[in-house]
Amino acid sequence: MTHGHRYRKALRFLSHFLMFFIVVAFVTTCCMMLFVTLMADSLGLTLTGENLNKAAKLTFLNVILISLLFTVIDSIRRYFAIERPIKKIGEAAERIIEGDFSVRIPRLNEAYGENSLNRVIDCFNKMAEELSGTETLRTDFIANVSHELKTPLSVMQNYAVMLQSKSLSEEERIEYAHAISESSKRLAALITNILKLNKLENQQITPISESYDLGEQICECLLSFEDVWEKKNIGIDTDIEDGIKVCADPEMMSLVWNNLFSNAFKFTDNGGKVCVKVFCDGEDAVVKIEDTGCGISGEVGAHIFDKFYQGDTSHASAGNGLGLALVKRVVDITKSSISVDSEVGKGTAFTVKVRRDS
């Protein structure tokens, strides 16, 4: 403890003593003067200066002792109820500043604690928990981004080195150049999705709602994958009601449909089927995209909307694990809802509900 801190504590103790002394002196003096006067009148006694002087000294001594007692009791109370908890909060805050987000402060005993400080402690612990979760997400995000960036860059670097060989045939050069092109597209898509997700999470993109035909939008997005389903010989089954209008941001919602279609075709084997249904359910328009792919387990299903999470690692090279995270964020921002129903080996169905235009 520094000399300055001891000096401040001594001054604080003295100020509390003086406060109690003044209060006790005033109250005691008034009570004693009233008591002595009444006793003297009732007994017919005459108060002399000597008696008054002796009574005043005794009263003054009692005032000092009572004030000192009150000061000590108040100091002990303040230490346990205020100073010690505040010291713990300060020490915990310093650990937070140093990067230790595991620190938690125990609640005060209600016997001498103050509810206001317990509320501060509860808020502090909640803040520390949120910071801990944010730090974990940040660390995982950096690790995942580094891994996802490294993979296509390594492919591009390896094939670029191989292209420098003079003994390559024209067919090999085309093959290596195509591999570099595909890796660069994957890298560009990853960066684009990271930027989009960052803007969505930081609310830098504000949805601009307008009324439009949902069925037409679904058909346009589906047709953009025509080359994919023809190449894999995937059957398309559509049941789209006409004239369903929704009030939403069409650009954001197209991001949802494109990612869901991309997943459906990616995880559906050759000769499989993708079914698309659009229908009304009360005040909502419902879009159901179902595939006959590999399906997902319940454990995987609990994490499919997490960033960079890929349940089926056999298809990891076809994506970067950000598509469904984008979908979930857009759905939340537009106040829509999404659910998934899947069974391993039988396929997956995503159901999105969007508020209809009244």
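Q217 counts as buried because its relative accessibility is 8%, where buried means under 20% relative accessible area, exposed over 50% and partly exposed in between, computed with a 1.4 Å probe on protein chains only. Q217 lies in helix α5; helices (H or I, at least four residues) and strands (E, at least two) are DSSP runs numbered from the N terminus. The model is predicted: local features need pLDDT of at least 70, side-chain atom pairs count only at pLDDT 80 or more, and totals for chains, interfaces and linings use all residues. Residues are numbered from 1 along each chain as its sequence is written, and side-chain values use heavy atoms, with hydrogens and water left out.

Leaving aside neighbours within four places in sequence, Q217 is in contact (heavy atoms within 4.5 Å) with Y212, P250, M253, S254 and W257. Q217 and W257 are 40 residues apart in sequence, and their C-alpha atoms are 8.8 Å apart in space. With the same exclusion of neighbours within four places, W257 is in contact with L214, Q217, I218, C221, V287, V352 and V354.

**Helix packing**

Two packed helices are described by the angle between their axes and the distance between the axes. Here, axes are lines fitted to C-alpha atoms, for helices over the stretch in contact, and angles run from 0 to 180 degrees between N-to-C directions.

| Pair | Angle | Axis distance |
|---|---|---|
| α5 (residues 214-223) and α7 (residues 250-267) | about 45° | 9 Å apart |
| α7 and α9 (residues 323-333) | roughly 145° | within 9 Å |

The angle of about 45° between α5 and α7 makes α5 oblique to α7; angles under 35 degrees count as roughly parallel, over 145 as roughly antiparallel, 65 to 115 as roughly perpendicular and the rest as oblique. The crossing of α5 and α7 is right-handed. On the α5 side the contact is made by L214, Q217, I218, C221 and L222, and on the α7 side by P250, M253, S254, W257, N258, F261 and F265. These residues divide into nine nonpolar, three polar and no charged. In this scheme Ala, Val, Leu, Ile, Met, Phe, Trp, Tyr, Cys and Pro count as nonpolar, Asp, Glu, Lys and Arg as charged, and the others, Gly among them, as polar.

α7 passes α9 in a left-handed crossing. Residues making this contact include M252, M253 and V256 of α7, and L324, V327 and V330 of α9. By class, the contact of α7 with α9 has 11 nonpolar, three polar and no charged residues. Eight of the 11 residues of α9 are buried, so α9 is largely enclosed by the rest of the structure. Just after α9, K335 takes a positive phi of about 60°.

**Core and overall fold**

A nonpolar core is a set of buried Ala, Val, Leu, Ile, Met, Phe, Trp, Tyr and Cys residues joined through side-chain atoms within 4.5 Å. The largest has 37 residues, and those with the most contacts inside it are L214, V256, W257, L260 and F261. Elements that each supply at least two residues of this core include α5, α7, α9 and β7 (347-355). α7 gives the most, with nine residues. A second, separate core of 11 residues includes I89, V103, I105 and F124.

The protein has nine helices and seven strands. Of its 358 residues, 31% count as buried. Among contacts with a separation of 6 or more, residues 24 or more positions apart account for 73%.

Note on methods
A crossing is left-handed if the near helix is turned anticlockwise from the far one by less than a right angle, and right-handed if clockwise.
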